[in-house]
Amino acid sequence: MSFSDIPVDVGPVYEGERIRAKQMYVELGGPKIEKHFELVRVKQPKEIKDGQVTIYGPDLKDMKEGERYPIGILVEVAGEELEEDLEAVFERRVHEFCNFVNGIMHLNQRYTNWIRLSKAAYEKGFNTLDLLGKVLIRLYKAELPIIKQAQVTFYTDPKDIEKPYDMAMEIYNKRDERARTIHDEDVDMFYGCVLCQSFAPTHACCITPDRTSLCGSINWFDARAAAKVDPKGPIYEVPPKECLDELAGEYTGVNEMIKKRSLGEIDRIFLYSGMEFPHTSCGCFEAIDFYIPEVNGHGIVDRNYGSVAINGLPFSAMANQTGGGKQMPGFNGVSIQYIVSPKYQQYDGGIETIVWMPKAVKDRVGDFLPQDLVGKIATEEEVQDLAQLKEYLQEVNHPIVETWAEMLEEEEEEEEYEAEGAMVPMGTVGMTIPGAGGVGGFKIILKNCKVHAEAIIIKKIDSKGKRKK
Ligand code: SF4
């Protein structure tokens with residue numbers, strides 16, 4: 001495979017390249033653009049013009065430097081062995097293959113895709129999406145030899161993108177609907193994925209029927225199809241083996257997998273907990289589940305939410321805590337689909353601990369959650385800060401309120417010990433400090449912890465996610 005006709009280098013070495021706002025020529029998709037998507041469809045050979053790239057809307061050379069535009073990427077492929085179940089897995093490779101191009105940064109997936117083209121690449125002659133289409137087609141056929149023909153269509157005009165965007169959303173919904181039909185106890189095989197290791201080397205996803213990948217783009221059916229056609233590829237079988245704890249979702253087979261794939265960094269995962277031995281997160285998660293100590297509950301914020309979450313932190317600040325392949329109790333990268341699973345963080349108390357989420361997320365998942373709970377989950381429309389949240393939860397009698405008495409008793413007991421100057425025996429249970437913010441300054445509660453630190457630095461983060469000096 002040759003890229004000699006492409007004016008910039010192409011190869012895996014460029015994955016992970018960051019293009020900052022100052023370096024970018026244009027931005028395609030991303031959080032500031034309403035409609036954008038990427039989709040792969042399996043077609044009949046006669047429906048494909050192999051190698052064809054079509055552009056609807058302004059091409060790169062017609063775009064204004066520094067501006068943002070919609071982007072729809074439709075990749076259509078054909079091949080005798082291809083089946084519809086493989087579409088989502090092929091689709092995830094758009095991320096990888098775009099990032100092979102020196103001067104292109106691709107983030108996220110599905111309807112959250114986000115591309116930046118660097119000024120340097122544009123100046124070298126990468127001034128048409130035709131070049132990106134050619135690269136995608138060559139990489140798809142070379143890296144996935146079961147693909148025999150491929151064509152790519154780009155949409156960059158806000159009007160032209162509407163129809164294909166609606167079609168893409170319908171297909172994502174159908175995939176998600178199917179994923180909701182089975183559960184972890186119905187299967188004897190889980191799957192792993194290491195596609196994001198170029199960004200987070202210690203991260204590996206464990207994909208189960210209840211736990212769709214945190215990027216939201218690969219469900220259990222998709223992973224099964226991918227592992228079948230390419231067992232040595234980035235998506236592979238993970239026999240769960242012995243279940244050590246049903247509530248936590250701890251399996252010996254999953255622990256062995258993460259130990260091997262994280263090169264020994266992580267050796268234990270609770271599939272259904274964001275607080276103890278949580279699943280690692282790379283950087284592609286659709287949403288973050290975060291602990292809110294002030295109300296002993298959890299919030300969920302998705303990457304499309306443009307304001308600060310109820311804890312006073314924007315998604316970007318929490319994403320820095322959450323990602324990178326670490327286990328970070330209190331901050332857990334999740335897919336939207338996992339939120340509607342009956343196993344959602346069941347070890348931490350499950351869906352009944354969720355007290356806040358953006359309205360847009362609630363609209364998406366509301367029909368699939370217990371109906372007596374939905375109205376009790378606050379959004380930005382009902383509350384703006386933690387004091388209001390507390391009042392709201394009491395008003396609607398959210399189940400989390402029942403846990404407050406116990407919390408208060410523990411706090412009072414601690415204060416009593418403190419007042420008497422007693423030596424308190426300490427446990428070694430892991431602690432979580434989910435960040436400062438919200439109303440009334442901040443509060444750090446360390447319970448049952450043994451802490452040694454040479455210094456603690458607490459910095460205030462403003463609503464735009466920039467640190468104050
Ligand atoms: S987030 Fe997980 S499942 Fe999705 S591409 Fe990355 S490693 Fe694979």
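## Contacts and overall make-up

Among the contacts in the chain with a separation of 6 or more, 71% join residues 24 or more positions apart; two residues are in contact if their C-beta atoms, placed from the backbone, lie within 7 Å. This is a predicted model, where local features need pLDDT of at least 70, side-chain atom pairs count only at pLDDT 80 or more, and totals for chains, interfaces and linings use all residues. Residues are numbered from 1 along each chain as its sequence is written.

The chain holds 12 helices and 17 strands, which are DSSP runs (H or I of at least four residues for helices, E of at least two for strands) numbered from the N terminus. Of its 469 residues, 45% are buried, meaning that 20 or more other C-beta atoms lie within 10 Å of the residue's own, with C-beta atoms placed from the backbone.

The largest nonpolar core has 130 residues. Such a core is a set of buried Ala, Val, Leu, Ile, Met, Phe, Trp, Tyr and Cys residues joined through C-beta atoms within 7 Å. Helix H3 (residues 129–143) gives the largest share of this core, 8 residues. Domain 1 (12–177) and domain 2 (179–402) both contribute residues, so the core lies between them; the domain bounds come from an automatic or database domain assignment.

Leu117 and Val355 have the most contacts inside this core. Leaving out residues up to four places away in sequence, Leu117 touches Met24, Tyr25, Val26, Leu60, Gly103, Ile104, Tyr122 and Phe126. Val355 belongs to strand E17 and counts as buried because it has 26 C-beta neighbours inside 10 Å.

Strand E15 (residues 297–302) has 6 of its 6 residues buried. Both faces are covered, with Gly297, Gly299 and Val301 on one side and His298, Ile300 and Asp302 on the other.

Strands pair if DSSP finds at least two bridges between them. Strand E14 (residues 287–292) runs antiparallel to E15, joined by 6 bridges, and Phe290 has Gly299 as its bridge partner in E15. The hairpin of E14 and E15 has 4 residues between the strands, and there Asn296 takes a positive phi near 55 degrees. E15 also pairs with strand E17 (residues 354–356), in the parallel sense over 2 bridges; here Gly299 is partnered by Trp356.

## A four-stranded sheet

Another stop on the tour is an open sheet of 4 strands with mixed pairing, in the order E4-E1-E7-E6. Its edge strands, E4 (68–69) and E6 (104–107), each pair on one side only. E6 meets strand E7 (residues 114–118) in the antiparallel sense over 4 bridges, with Met105 opposite Arg116 in E7.

The ligand is surrounded by 13 residues, the closest being Cys193, Cys196, Cys205, Ser213 and Cys215; a residue is near the ligand if its C-beta atom, placed from the backbone, lies within 6 Å of it. The shell divides into 10 nonpolar, 2 polar and 1 charged. Ala, Val, Leu, Ile, Met, Phe, Trp, Tyr, Cys and Pro count as nonpolar, Asp, Glu, Lys and Arg as charged, and the others, Gly among them, as polar.

Helix H5 (residues 220–229) is mostly covered, with 7 of its 10 residues buried, including Trp220, Phe221 and Asp222. The buried residues of H5 pack against helices H1 (87–99) and H4 (162–179) and strands E9 (190–193), E10 (205–207) and E11 (235–238).

How values were computed
A residue is buried if 20 or more other C-beta atoms lie within 10 Å of its own, exposed if 12 or fewer, and partly exposed in between; C-beta atoms are placed from the backbone.
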